[in-house]
Amino acid sequence: MPNIKSQKDRVVQAKKEALHNKAIKSNLKTVVKKADAAISAGAADKDEKVKAAVVAIDKAAAKGVLHKNTASRKVARLAKAANRAAK
């Protein structure tokens, strides 16, 4: 445990940020899993689920939770799977 006041504050802030990031990542995983399930099942609403997943990925990247290249890779893989299922 740090002795310096500013470092004590940073520890508290880091925990708070980690919880926030964890919540965003958890929601992101849920949305992506729903989109993957819709694609594999050939559901009628798969386009909406894929769009929701892309939006969630972009928001996570904008907030700094995901690196921009990671977000781009995830979107590309999701789009590729959706396009493959459409054929």
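Helices here are DSSP runs of H or I, at least four residues long, strands are runs of E of at least two, and both are numbered from the N terminus. Ala56 sits in helix α2. I will come back to it.

First, the ground rules. This is a predicted model, so local features need pLDDT of at least 70 and side-chain atom pairs count only at pLDDT 80 or more, while totals for chains, interfaces and linings use all residues. Residues are numbered from 1 along each chain as its sequence is written, and side-chain values use heavy atoms, with hydrogens and water left out.

Now the packing. Two packed helices are described by the angle between their axes and the distance between the axes. Axes are lines fitted to C-alpha atoms, for helices over the stretch in contact, and angles run from 0 to 180 degrees between N-to-C directions.

Take α1, residues 5–41, and α2, residues 46–62. Their axes come within 8 Å and cross at roughly 155°. That makes α1 roughly antiparallel to α2. The cut-offs: under 35 degrees is roughly parallel, over 145 roughly antiparallel, 65 to 115 roughly perpendicular, and the rest oblique. The crossing of α1 past α2 is left-handed, meaning that the near helix is turned anticlockwise from the far one by less than a right angle.

Who makes the contact (heavy atoms within 4.5 Å)? From α1, the residues include Ile24, Leu28, Val31 and Ile39; from α2, they include Lys49, Val50, Ala56 and Ala60. By class, that contact has 13 nonpolar, no polar and three charged residues. Nonpolar covers Ala, Val, Leu, Ile, Met, Phe, Trp, Tyr, Cys and Pro; charged covers Asp, Glu, Lys and Arg; the others, Gly among them, are polar.

Next, α2 and α3. Their axes are 9 Å apart, at an angle of about 170°. These two are therefore roughly antiparallel to each other. Among the residues that meet are Val50, Ala53 and Ile57 in α2, and Ala71, Val75 and Leu78 in α3. This contact has eleven nonpolar, no polar and three charged residues.

Back to Ala56. At 17% relative accessibility, Ala56 counts as buried. Buried means under 20% relative accessible area, exposed over 50%, partly exposed in between, with a 1.4 Å probe and protein chains only. Beyond its neighbours within four places in sequence, Ala56 contacts Leu28 and Val31. Ala71 lies 15 residues from Ala56 in sequence, and 9.6 Å away C-alpha to C-alpha.

Leu78, beyond four places in sequence, contacts Ala35, Asp36, Ile39, Val50, Ala53 and Val54.

Notes:
Contact means heavy atoms within 4.5 Å.
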